[in-house]
Structure formats: C-alpha cells, structure tokens
Amino acid sequence: MYKIININNYTKKEYDAWYAVMSEEKRKRVDGFAFEKDKKATVFGDMLARKMLSGPLAKPGTDIVFSVSEKGKPYVKGAHCFFNISHSGDYVFCAVSRREVGADIEVVREHSESVLRRVCTQEELSYVLEKPGEVAVRFTEIWTRKEAYFKCLGTGVTDLKGVNTLSSEISKDMITKRINDYVISIYEKP
C-alpha cells in the first residue's frame, strides 16, 4: 500500500506533535536542515510512515520505534513489515509492504541528453527517446524506478547503468505511475 501527502496540508501544531514523537537523533537531524520544506518533509514523512504502519503492526503510530540499518535504511525492529519514504517538492510518498520495499517520487523535469546517457541502459534510453514529446516523463519514470530499486536493496545508488529497470525480472515487482506533474515508483523485493 502507498500514500502521498502534501506537506502544506498540515498545521504547525501537527508538526510539533509529530516532531516530538521522533527519536532524539532524528530531531537533531531535522534541526540541522537549513530549509523549512526539508524539515516538514522529514517530520511528515515520519508521521505518514507511522500512521500507515500502525494498522499492520496493530499499535499506535506514536509507539512505533524506527531503527536504521548499517547502510542507512530505516526499518521497524522486530517487525515483518517494511516501509520506505520519499519526498519531492511539496509531496511526501510512503510505501508499506510485507516484503522489502523501495519507493521514490520525483517531479517531472527536463534533463540533458548527457544525463540520460549516464543514467540509462541502452533499452531504457531507447524507451525514453522513443516519443520525443514524452522524454521528461519517461526519463523520470526510469529515474524513479532506479531509485526505488536501489532503496529496496538498501545499498544506495551504486551502478545506474548496471541495472535495467525495464527488464522482466525487475518490472514484475515494480509499479510506476504518473500523478499530475510527478512520477512515483515502488519496487518490492521478490
């Protein structure tokens, strides 16, 4: 399951309440952000994950304790329920699954052809360039698919051209959708 929220739909009171629920370490991280938008995205991303996990874990979101793997991927200790958070612009996106999951949201925007060539495999590049009027959307689809894939693995983005996200092996566990000016992708580990 997944959900997208607009961080501007929440009040300062809600921000303060969910900020207080976060771990001291995460609050310090939020306090170090220079931009208010980054602070809100992190706090409301944490809130969204807690709310979405509360049902499957059968406990209030405020009682959920997050841990972080050695590679920096957040998880719920001792739970067989996984989540991943992403944000772009005013939106926060969270996916929850019984399998390891990675999620990404990005606003659609133009990129130079040199960026496309650095990121895409030959099959992906052919897909992106196939319809000239849709290059930005198609590249954002590929980018979010790669981000979701690597976030699911918990490795960080390691070899962009080494992974073909259009391959049947990856595509069968991937969901990609366009929502207004954004693209979301979710990858669940088989």
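Threonine 121 is buried, with a relative accessible area of 11%. The structure described here is a predicted model. In this model, threonine 121 is placed in the loop between helix 4 (113–119) and helix 5 (122–129). When neighbours within four places in sequence are left aside, the contacts of threonine 121 are with Lys146, Lys161, Val163 and Asn164.

Apart from neighbours within four places in sequence, threonine 140 contacts Glu106, Val107, Val108, Arg109 and Val183.

Two packing arrangements involve helix 1. Two packed helices are described by the angle between their axes and the distance between the axes. For helix 1 (residues 12–21) and helix 3 (residues 36–57), the angle is about 70 degrees and the axes are 9 Å apart. Angles of 65 to 115 degrees count as roughly perpendicular, and helix 1 and helix 3 are therefore assigned to that class. On the side of helix 1, the contact is formed by Glu14, Tyr15, Trp18, Tyr19 and Val21. Helix 3 contributes Lys39, Lys40, Val43, Phe44, Met47, Arg50 and Lys51. By residue class, this contact comprises seven nonpolar and five charged residues, with no polar ones.

Helix 1 also packs with helix 2, at an angle of about 130 degrees and with the axes 8 Å apart. This pair is therefore oblique. In the contact, Tyr15, Tyr19 and Ala20 of helix 1 meet Arg27, Val30 and Asp31 of helix 2. Four of the residues in this contact are nonpolar and two are charged, and none is polar.

The largest pocket has a volume of about 770 Å³. Its lining consists of 29 residues, and those nearest the centre of the pocket are Lys26, Arg29, Val68, Gly72 and Pro74. At least two lining residues are supplied by each of helix 2 (24–31), helix 3, strand 2 (66–68) and strand 4 (82–88). In composition, the lining of the largest pocket has ten nonpolar, eleven polar and eight charged residues.

Definitions and conventions:
Residues numbered from 1 in each chain as written. Predicted model: local features only at pLDDT ≥ 70, side-chain atom pairs only at ≥ 80, totals over all residues. Heavy atoms only, no water. Axes fitted to C-alpha atoms, helices over the stretch in contact; angles between N-to-C directions. Helix = DSSP H or I, 4+ residues; strand = E, 2+ residues; numbered from the N terminus. Parallel < 35°, antiparallel > 145°, perpendicular 65-115°, else oblique. Contact = heavy atoms within 4.5 Å. Nonpolar A, V, L, I, M, F, W, Y, C, P; charged D, E, K, R; others polar. 1 Å grid on protein atoms, 1.4 Å probe; cavity = no way out; pocket = protein on both sides within 12 Å on 5 of 7 lines; lining within 4 Å. Points joined across faces, edges and corners; volume = space filled by probe spheres on them. Buried < 20%, exposed > 50% of the residue type's maximum accessible area, 1.4 Å probe, protein only.
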